[in-house]
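Subject: Structure handover

Hello,

Here is the structure you asked for. My notes on it follow below the files.

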Amino acid sequence: MRINPRRPQQTSPAGLKRIVLAAPGQVAAHDQAKPVRSIKNANKNLLVVAHSNKGVLDDHARQTIAAAAILADDATEVVTIILGELNESIMDTGADKVIILADLNAEQFQPDVALACITALIASMKPTCIFMPDNVVDGDLGRRLIAKTSKSAATQVVEIDTSHIATQSGAGLLIQNTLPEIILLAKDTVDTHLPFTGEAQLIAPKIASFDASAHYKDLGMQSIAATEIALDEADFIVSAGNGVQQIATFETLAHALQASIGASRVAVDDGKFARDKQIGATGKTVAASTYIAIGISGAVQHLQGIKDCRHVIAINKDASAAMIKRADLSVIGDAEEIMQALLMLIHQAKNVQEAA
Amino acid sequence: MIQRIAALVSIGLHPNSGAARHCRNDSLAMTIGLNLIKSLTQLAPPPLQGEGWGGDGVKASQHDEPIPLLTSPLKGEEQYALQVLHAGDAQNLALADYLALGAPQIEVIETERDIVENLAENLKNTDLILTGSRAEGGQASGLLPYVLAQKLNFPLVANALTIKLVGDKAEILQFLPKGKRRLVSVQLPAVIVVHPLADVDLHYAFAQKIAGKIVALPALKPANTEKIATQTRLINRKPIKLKAPEHKSGHERLLAAISSENKGGAVVNEGNSVEKAQVILDYLREHRLVDF
């Protein structure tokens with residue numbers, strides 16, 4: 001009798017391979033939930049500080065938490081301080097404990113309060129290392145922290161390891177150094193794919209409230225019309241492709257959603273949109289948190305331009321288009337009809353909101 | 001009333017050739033400073049801008065009337081000049097780029113060490129210090145303005161796009177990601193870090209380059225004479241991404257290789273267009289992407 005050499009095997013809890021005579025479908029080891037990272041006698045901790053945006057953490061912040069989780073050993077906990085509210089579970093990032101300081105969100109300018117809170121938490125927890133994403137908001141807070149404390153620090157860290165970090169010099173060389181106490185991590189330095197999860201246990205911060213100093217005064221956010229925001233900066237983009245015939249409806253919808261307008265190459269080539277609206281390999285690369293693709297089939301070049309978008313919604317006639325595989329929500333149907341219906345619903349919702 | 005404005009400049013590197021040149025971020029900060037000075041004095045553009053190139057090169061090079069400096073403000077006459085400060089080598093040819101971009105005079109503290117202490121000593125009576133966001137050479141950590149502000153005990157505002165002086169305060173339009181802008185007011189004296197996207201036009205004029213002066217300032221005595229031991233190492237390769245070590249059995253690796261990742265989200269095929277539109281609106285509301 002021939003024995004199938006590729007017959008399924010299982011890994012026992014002891015780590016031994018066991019060949020079982022089971023149907024292949026029953027041995028789906030990779031479907032198992034990831035284990036929680038084991039911590040024995042935690043006596044050290046790594047601190048991650050990051051701002052949330054609209055209640056979620058962006059990729060950069062997740063990478064920073066993942067870096068701490070990868071570098072943490074058996075006796076080390078990863079404590080994450082989220083500035084701003086958090087409406088999602090961050091277990092998959094590898095955070096063991098989470099402190100949420102909802103008042104210190106990125107919308108308000110209160111650097112001294114945030115700095116005082118973080119300093120107080122650092123003093124009480126005494127972390128071995130502090131990680132922060134080096135972006136516009138956290139990079140500013142991190143540098144304030146570095147200037148205030150006398151800890152060793154590195155900014156724009158492009159390579160990190162258990163023993164060393166590296167930053168990039170102006171000449172393009174890597175400058176390797178030993179691990180400092182405060183690390184501001186550049187984007188895409190860490191792979192967020194972890195074989196484990198964290199407990200993400202919420203703990204209440206034990207800190208006093210701090211008063212803002214009289215030096216700074218927040219005069220409020222300035223509203224910029226969505227049409228004036230550069231595409232690569234925009235947070236909400238409605239994009240049209242070949243499937244959009246009525247440009248007027250499309251523009252009304254973009255206006256109603258207060259979204260910036262983008263377009264695929266075909267729509268731009270047809271003269272429906274200006275060249276600076278083109279999204280994709282030859283056009284612009286966007287990083288919006290919401291991207292609604294209407295009548296765009298999703299050529300590779302276009303998908304490349306939207307790879308950093310968080311929520312992609314597709315409206316398309318063709319259910320087998322490449323965009324449908326990329327999108328988080330796809331609606332199959334005629335673009336014009338759905339746009340009209342969406343416009344109607346938005347007007348209704350806005351009327352209800354105004355009446356309330 | 002604001003008295004003194006200073007801009008800190010550094011030596012930049014050309015991204016391809018690595019040649020020394022002006023640092024664009026610092027040039028933006030300097031130009032904003034020059035514009036602030038212009039608005040303070042309500043003067044016409046600097047004397048050389050109009051006449052420079054065309055005919056009178058000789059006159060431009062002989063332009064030796066004293067330039068009013070903030071380090072020695074003239075009493076009685078309401079005249080200001082931007083103090084453009086650099087710490088490093090006064091002989092560096094790249095400094096002349098800043099003259100060409102409009103600085104009448106550059107003061108250079110000739111030192112390689114204790115830069116923050118030296119700058120702080122020179123800037124302690126300054127009302128407004130402007131810097132670029134990050135240098136192009138050296139460590140380029142973007143830390144200097146923060147450490148300097150800490151040393152001088154000044155407040156600091158980063159990511160400034162425009163700066164307006166209102167009495168003893170400065171109003172700053174701050175850059176935030178995702179197309180947001182914030183207006184912030186800060187009490188002077190302060191350090192303001194200019195964002196690279198600040199809407200400033202740089203004007204390069206050869207005549208200004210010829211007319212400007214570079215003045216060396218004495219440096220403080222180095223505080224600690226022993227060299228700080230650093231364990232830095234230069235390597236010429238691409239950075240390696242940090243990955244979590246995975247101990248997968250061969251079977252698991254095989255399964256991971258053959259099973260395609262289940263990508264793609266929900267697909268709505270049924271219903272009329274209003275129901276489909278409702279699904280989209282529900283999704284937007286669920287993820288708090290719209291506020292209605």
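Helices (H or I, at least four residues) and strands (E, at least two) are DSSP runs, numbered from the N terminus. By that rule chain A has eight helices and 17 strands.

This is a predicted model, in which local features need pLDDT of at least 70 and side-chain atom pairs count only at pLDDT 80 or more, while totals for chains, interfaces and linings use all residues. Residues are numbered from 1 along each chain as its sequence is written, chains are lettered from A and ligands numbered from 1 in the order in which they are written, and side-chain values use heavy atoms, with hydrogens and water left out.

Chain A

The C-alpha trace of chain A spans about 85 × 65 × 55 Å along its principal axes. Of the 356 residues in chain A, 50% are buried (under 20% relative accessible area, 1.4 Å probe, protein chains only).

The interface

Contact (heavy atoms within 4.5 Å) links 90 residues of chain A with 78 residues of chain B. The two chains bury about 7,400 Å² between them, 61% of it on carbon and sulfur atoms; this is the accessible area (1.4 Å probe) lost on putting the two parts together, summed over both.

Four salt bridges cross the interface of chain A and chain B, a salt bridge being a side-chain nitrogen of Lys or Arg within 4 Å of a carboxyl oxygen of Asp or Glu. Arg181(B) and Glu233(A) form a salt bridge, with their closest N and O atoms 2.9 Å apart. On the side of chain A that touches chain B, helix H8 (residues 335-355) gives the most, with ten residues.

Strands also meet across the two chains. Strand S12 (residues 216-222) of chain A runs antiparallel to strand S9 (residues 180-187) of chain B, joined by five bridges; two strands pair if DSSP finds at least two bridges between them. Met221(A) stands opposite Arg182(B) in S9(B).

A covered strand in chain B

In strand S5 (residues 105-109) of chain B, five of the five residues are buried. In a regular strand the side chains alternate between the two faces of the sheet. Here Gln105(B), Glu107(B) and Ile109(B) are buried on one side, and Ile106(B) and Val108(B) are buried on the other.

S5(B) pairs in the parallel sense with strand S4 (residues 83-87) of chain B over four bridges, where Glu107(B) is the bridge partner of Leu85(B). S5(B) also runs parallel to strand S11 (residues 213-217) of chain B, with five bridges, and there Val108(B) has Ala216(B) as its bridge partner.

Regards
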